[in-house]
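Notes below, in the order I checked things.

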Amino acid sequence: MTTFAFDDRVSLVTGAGSGIGRAMAFAFAKAGTRVVVCDIDRERAERTASEIGDAAIVAAAEISDEASVGALVESAISAYGRIDVLCNNAGIMDTMALPADIPVALWERVLRVNLTGTFLVTHAVLPHMLREGRGAIVNTASEAGIRGGTAGAAYTASKHGVVGLTRSVAWAYAKDGIRCNAILPGPTLTDIASAESVGSFDLAGAARLAPVLALGERMAQPEQMADAALFLASDAASFVNGAIVPVDGGWSAA
Ligand code: NAD
């Protein structure tokens, strides 16, 4: 029988110092993996890892920097020897500015972290998964990865890119035992709206989300995203590959 057990596996979660990534790190530890807790914010990463205990190590890294990502993957491999599960979760919001108003530097930063960062970590981890002949990648995209109007243009474009990357990886490595899927979280209670990313969050823009809240009644908890990631990374999803999975309480079904 297929199970959700991950005994003896190793997971790497980016953005694990806060919100959805932190919940993923706890969920994967509870499921039996050893966890590499990655975040740009070392203090937050250390907090997550120390709360998990012996099954976790900290690897502070900036996912948009190739050298930093190289060091991250090296430290994961030297600690645990392999990476079975990769959760590409770290990401930043933009200011929800309209396309004509987005500063080019903001556009480039959001694309660099959300899309290129996801690519860089995937690119560095894939050779190790190929060597092992197995692996599961779960990318945190967004509802903004399949439609416009729910977030700023840079964020929306970056998350559409993550969906495209997910499909490309899924298609390219299915024959090698590596699966790649994405979750599309709906509005989730985390720090992302107040994060010191790039620019401040525009509450007037956020008001555009109001219909969502009316429909879904409440925002999601990060643990609900972690549960979906856990399924996609598990053997229970062994034939699920290239799936783009809304986890939004039915918002996108409307
Ligand atoms: P969060 O701000 O609580 O957590 C994000 C974490 O990523 C932070 O700890 C931050 O330090 C880290 N991070 C940011 N940039 C980084 C970088 N360059 N390198 C390494 N780490 C970095 O936010 P969250 O809501 O938990 O977001 C997690 C993911 O979920 C993001 O990709 C986000 O786009 C996506 N998402 C969130 C929501 C939501 O409503 N919260 C909705 C859809 C998608």
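**Entry 1, overall.** I'm working with a predicted model here. The protein has 254 residues, and 51% of them come out buried. I also checked contacts between residues at least 6 apart in sequence: 72% of these join residues at least 24 apart.

How many residues surround the ligand? I found 30, with Gly15, Ser18, Gly19, Gly91 and Thr190 the closest. Helix H1 (19–30) and helix H4 (104–132) are the elements that give two or more residues to this shell. H1 gives the most, with 3 residues. Sorting the shell by class, I get 14 polar, 11 nonpolar and 5 charged residues.

Next I looked at how H4 packs on helix H5 (residues 153–173): the angle is about 15° and the axes are 9 Å apart. With angles under 35 degrees counting as roughly parallel, that makes H4 roughly parallel to H5. The crossing of H4 past H5 is right-handed.

On the H4 side I listed the contact residues, among them Leu106, Trp107, Val110, Leu111 and Phe119. H5 answers with residues including Ala154, Tyr155, Lys159, Val162 and Leu165. What classes do the residues of the contact of H4 with H5 divide into? I count 12 nonpolar, 5 polar and 1 charged.

How values were computed. Residues are numbered from 1 along each chain as its sequence is written. This is a predicted model: local features need pLDDT of at least 70, side-chain atom pairs count only at pLDDT 80 or more; totals for chains, interfaces and linings use all residues. A residue is near a molecule or strand if its C-beta atom, placed from the backbone, lies within 6 Å of it. Helices (H or I, at least four residues) and strands (E, at least two) are DSSP runs, numbered from the N terminus. Ala, Val, Leu, Ile, Met, Phe, Trp, Tyr, Cys and Pro count as nonpolar, Asp, Glu, Lys and Arg as charged, and the others, Gly among them, as polar. Axes are lines fitted to C-alpha atoms, for helices over the stretch in contact, and angles run from 0 to 180 degrees between N-to-C directions. Angles under 35 degrees count as roughly parallel, over 145 as roughly antiparallel, 65 to 115 as roughly perpendicular and the rest as oblique. A crossing is left-handed if the near helix is turned anticlockwise from the far one by less than a right angle, and right-handed if clockwise. Two residues are in contact if their C-beta atoms, placed from the backbone, lie within 7 Å. A residue is buried if 20 or more other C-beta atoms lie within 10 Å of its own, exposed if 12 or fewer, and partly exposed in between; C-beta atoms are placed from the backbone.
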